[in-house]
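Welcome! Take a look at the sequence and the model, and then read on.

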There are 2 protein chains.
Amino acid sequence: MTDGTPRTANSDQEKAEAQRGTEAAKEPLSKGVVDLLGVLAYGELAAFDRLAEDARGAPTLSGRAQLSAMAAAEMAHYQLIDRYLAEHGVSVEDAMRPFIKPLDAFHAGTRPKTWLESLVKAYVGDQLAADLYRELADWLDPATREIVLTVLADTGHSEFAEREVAAAIKADPTLRDRLALWGRRLLGEALTQSQYVAAERDGLAELIVSGSGDMSGIAALFRRLQQRHHKRMQALGLG
Amino acid sequence: MTDGTPRTANSDQEKAEAQRGTEAAKEPLSKGVVDLLGVLAYGELAAFDRLAEDARGAPTLSGRAQLSAMAAAEMAHYQLIDRYLAEHGVSVEDAMRPFIKPLDAFHAGTRPKTWLESLVKAYVGDQLAADLYRELADWLDPATREIVLTVLADTGHSEFAEREVAAAIKADPTLRDRLALWGRRLLGEALTQSQYVAAERDGLAELIVSGSGDMSGIAALFRRLQQRHHKRMQALGLG
């Protein structure tokens with residue numbers, strides 16, 4: 001504020017106030033929940049960055065705007081998690097830090113080379129994330145569940161990607177095999193990094209084990225994520 | 001929708017429905033208003049892209065998240081304008097097209113080389129845009145004015161940039177001269193491209209002339225924008 005101009009609320013200030021006002025009132029979050037929210041938050045921030053970068057390669061202004069809007073939606077989710085963590089006296093940066101390396105590795109290993117690869121990645125990433133949120137919601141305390149469900153309700157920004165990919169394959173069926181391979185690679189990299197994360201973080205592993213029942217529960221979770229992915233790829237003509 | 005999963009509303013579909021439902025009911029927009037909303041929309045889209053790119057250069061996770069959130073806010077504004085144009089049967093892509101060249105030229109001519117330059121640019125750009133929205137609001141028909149005021153009410157995402165720049169200069173006063181020069185260059189490039197745009201687009205020039213009174217009104221508008229910019233730079237320690 002330098003010129004007497006009316007401004008909207010300062011989100012930092014809001015955050016600090018929220019923190020002061022509720023810090024004492026809120027139950028501390030378990031290590032597993034902090035880890036979970038940290039990996040989700042960094043997932044959103046990294047996805048924002050990658051989608052914004054991919055948007056630049058769009059062949060049309062409309063495609064560029066759509067992928068940019070999808071990136072922006074990631075930041076809305078990020079900010080929800082940021083605020084929730086702050087209310088519990090946890091810095092989102094601290095919560096995210098352990099997950100920077102595996103998530104950056106995922107994105108470095110899956111850099112789209114074409115616009116269609118960008119769209120398939122946006123679609124697969126968005127939907128895998130939604131599947132994961134849906135699975136996790138049941139295991140969480142009610143307050144954390146609400147955050148996860150709020151984020152979940154706002155996913156599904158990828159229909160345009162779904163439509164464009166399906167139309168492109170219909171128009172040129174030779175694209176099919178290459179994109180099918182790409183879809184498999186995306187899933188493979190995602191699972192590799194997820195397993196790495198689950199193995200490295202005790203709190204997170206505990207949360208998953210207690211949520212899913214036991215170690216075989218984790219395996220079953222990963223299987224369900226894979227099955228849903230395959231179904232979606234089939235629906236897209238990439239199965 | 002490929003797996004029976006509930007999804008949020010499809011924004012494209014919504015847009016198409018809004019267009020069908022209201023096309024006949026809405027007054028057609030004047031050429032000048034379409035131009036104005038076109039240049040604002042592309043301004044938001046281009047700013048999104050540049051801020052997302054600059055966010056990558058942040059020295060801290062927190063800075064990266066803040067600049068990314070600012071980029072995301074640009075897309076929210078873009079979508080408001082997109083929807084409003086669609087309601088009047090105008091494609092945002094068509095409206096934006098004439099302004100791609102000058103706005104891309106602005107950004108190509110003002111690529112930040114450091115994080116502090118990114119912050120000064122984010123701050124100056126956000127605030128100049130807010131000044132411009134404020135000036136324009138009075139000249140518009142009530143419905144268009146409302147869109148412009150809605151966007152205006154949601155600007156001011158740059159306080160964090162203001163704070164960080166002020167703190168950095170206080171900590172290291174040798175930064176001052178270089179950033180002051182940068183601030184002047186940003187304003188110079190912005191004015192150059194604005195004058196180019198106003199001269200090229202008859203509808204827009206007409207809107208500005210009829211809004212501001214006459215050609216001397218345009219000059220006075222540009223003077224006011226410059227004066228507010230200088231006041232802000234002074235407040236930042238860069239005057």
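A residue counts as buried when its relative accessible area is under 20%, as exposed when that area is over 50%, and as partly exposed in between. With that in mind, 52% of the 239 residues of chain A count as buried. Please remember that this is a predicted model. The points below go from the single chain to the pair, and then to a few individual residues.

**The fold of chain A**

- Chain A contains 11 helices and zero strands.
- Written as a pattern along the sequence, chain A reads α-α-α-α-α-α-α-α-α-α-α.
- Take the contacts in chain A between residues at least 6 apart in sequence: 81% of them join residues at least 24 apart.

**How the two copies are arranged**

- Chain B can be superposed on chain A by a rotation of 180° with 0.0 Å of shift along the axis, and the RMSD is 0.0 Å.
- The two copies are therefore related as by a two-fold rotation axis.
- Within chain B, Ala72(B) has the C-alpha nearest the axis, at 2.1 Å from it.
- Both copies use the same surface, as 100% of the contact residues of chain B recur in chain A.

**Where the chains meet**

- On the chain B side, 46 residues are in contact with 46 residues of chain A.
- Together the two chains bury about 3800 Å², and 49% of this area is on carbon and sulfur atoms.
- The interface between chain B and chain A has four salt bridges.
- Asp49(B) and Arg56(A) join their side chains in a salt bridge, with 2.7 Å from N to O.
- Six residue pairs, with both residues at pLDDT 80 or more, are in polar contact between chain B and chain A.
- Which elements of chain B give two or more residues to the side that touches chain A? They are helices H2 (31-55), H3 (61-87), H4 (92-96), H6 (115-137), H8 (159-171) and H11 (215-235) of chain B.
- H3(B) supplies the largest share of that side, with 12 residues.

**A closer look at Ser68(A)**

- You will find Ser68(A) in helix H3 of chain A, which covers residues 61-87.
- Is Ser68(A) buried or exposed? Ser68(A) counts as buried because its relative accessibility is 1%, below the 20% cut-off.
- Setting aside neighbours within four places in sequence, Ser68(A) is in contact with Ala55(A) and also with Leu45(B), Phe48(B) and Met75(B).

- Met215(B) belongs to helix H11 of chain B.
- Met215(B) has a relative accessible area of 61%, so this residue is exposed.
- Met215(B) and Ala205(B) are 10 residues apart along the chain, and 9.2 Å separates their C-alpha atoms.
- Ala219(A) sits in helix H11 of chain A, which runs over residues 215-235.
- Ala219(A) counts as partly exposed because its relative accessibility is 36%.
- Between the C-alpha atoms of Ala219(A) and Asp177(A), which are 42 residues apart along the chain, the separation is 28 Å.

Note on methods: Residues numbered from 1 in each chain as written. Chains lettered and ligands numbered in written order. Predicted model: local features only at pLDDT ≥ 70, side-chain atom pairs only at ≥ 80, totals over all residues. Heavy atoms only, no water. Contact = heavy atoms within 4.5 Å. Buried area = accessible area lost by both parts, 1.4 Å probe. Polar contact = N/O pair within 3.5 Å; in protein donor to acceptor, adjacent residues only side chain to side chain. Helix = DSSP H or I, 4+ residues; strand = E, 2+ residues; numbered from the N terminus. Buried < 20%, exposed > 50% of the residue type's maximum accessible area, 1.4 Å probe, protein only. Least-squares fit on C-alpha atoms with pLDDT ≥ 70 in both.
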